[in-house]
Amino acid sequence: AALLLVLQVRLVMKGHSFIRENVPRVLSSVKDKSGTVHIPKISQYLYFLFAPTLIYRDNYPRNPTIRWGYVATKFAQVLGSLFYAYYIFVRLCIPQFRNSSQETFNLRGLVLCIFNSILPGVLILFLVFFAFLHCWLNAFAEMLRFADRMFYK
């Protein structure tokens, strides 16, 4: 459910960007009563949907070739990050809460469980950040030959 929500938010943001960039162009050509109205092609819109950017442009800087070894390395890093996050979760987070359902509730036990899970939780957060925002987006940028790799700005 969370993944579906994230994808829907991404599509809404991309749709907003597409409309924001193209509606003023169409309105200005109608206002000037010029015969040509520049409407983006479907291929430009589809490229924008898969490109790792939220700002619509008709053309993006493109690399001349795709480095498939780089793509494979990035996908391997995504898999490695996910396996490592799973390992941290199973070995460090789950044992903290396993016996808490069988014991009576006490505030001290809950606070200790939470504090013992903070460091593994932060590690998992960094791994997910690295896996998606660095590896996944770079792999798709390389496959689409997208040259503007300023994901962190």
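I began with Glu-21, which is partly exposed, with a relative accessible area of 30%; the class lies between buried, under 20%, and exposed, over 50%, with a 1.4 Å probe and protein chains only. The model is a predicted one, in which local features need pLDDT of at least 70 and side-chain atom pairs count only at pLDDT 80 or more, while totals for chains, interfaces and linings use all residues. Residues are numbered from 1 along each chain as its sequence is written, and side-chain values use heavy atoms, with hydrogens and water left out.

Entry on salt bridges. I took a salt bridge as a side-chain nitrogen of Lys or Arg within 4 Å of a carboxyl oxygen of Asp or Glu, and the count by this rule is 3. Glu-21 pairs with Arg-57, the closest N and O atoms being 3.3 Å apart. Here Glu-21 sits in helix α1 (residues 2-31) and Arg-57 in the loop between α2 (42-50) and α3, 36 residues apart; I took helices as DSSP runs of H or I with at least four residues, numbered from the N terminus. Arg-57 is itself partly exposed, at 38%.

I then looked up Arg-25, whose salt bridge with Asp-58 has its closest N and O atoms 2.6 Å apart. This pair also links helix α1, where Arg-25 lies, to the loop between α2 and α3, which holds Asp-58, over a separation of 33 residues. Both are partly exposed, Arg-25 at 26% and Asp-58 at 22%.

Entry on the nonpolar patch. Ten-residue lists are left to the viewer, but I noted that the patch includes Phe-97, Phe-105, Leu-110 and Ile-114, and has about 990 Å² of accessible area together. I took patch residues as those with over 30% relative accessible area and no salt bridge, nonpolar side chains (Val, Leu, Ile, Met, Phe, Trp, Tyr) being joined within 5 Å and like charges within 9 Å, with areas from the Shrake-Rupley method and a 1.4 Å probe. Helix α4 gives the most to the patch, with 8 residues; Ile-114 lies in this helix and is partly exposed at 43%.

Entry on the second largest pocket. I noted a volume of about 180 Å³, which is the space filled by probe spheres set on grid points joined across faces, edges and corners. A pocket is an open set of points on a 1 Å grid, for a 1.4 Å probe, with protein on both sides within 12 Å along at least five of seven lines, and lining residues have an atom within 4 Å of a point. Among the lining residues are Phe-97, Glu-103, Phe-105 and Leu-110.

Terms used. Helices (H or I, at least four residues) and strands (E, at least two) are DSSP runs, numbered from the N terminus.
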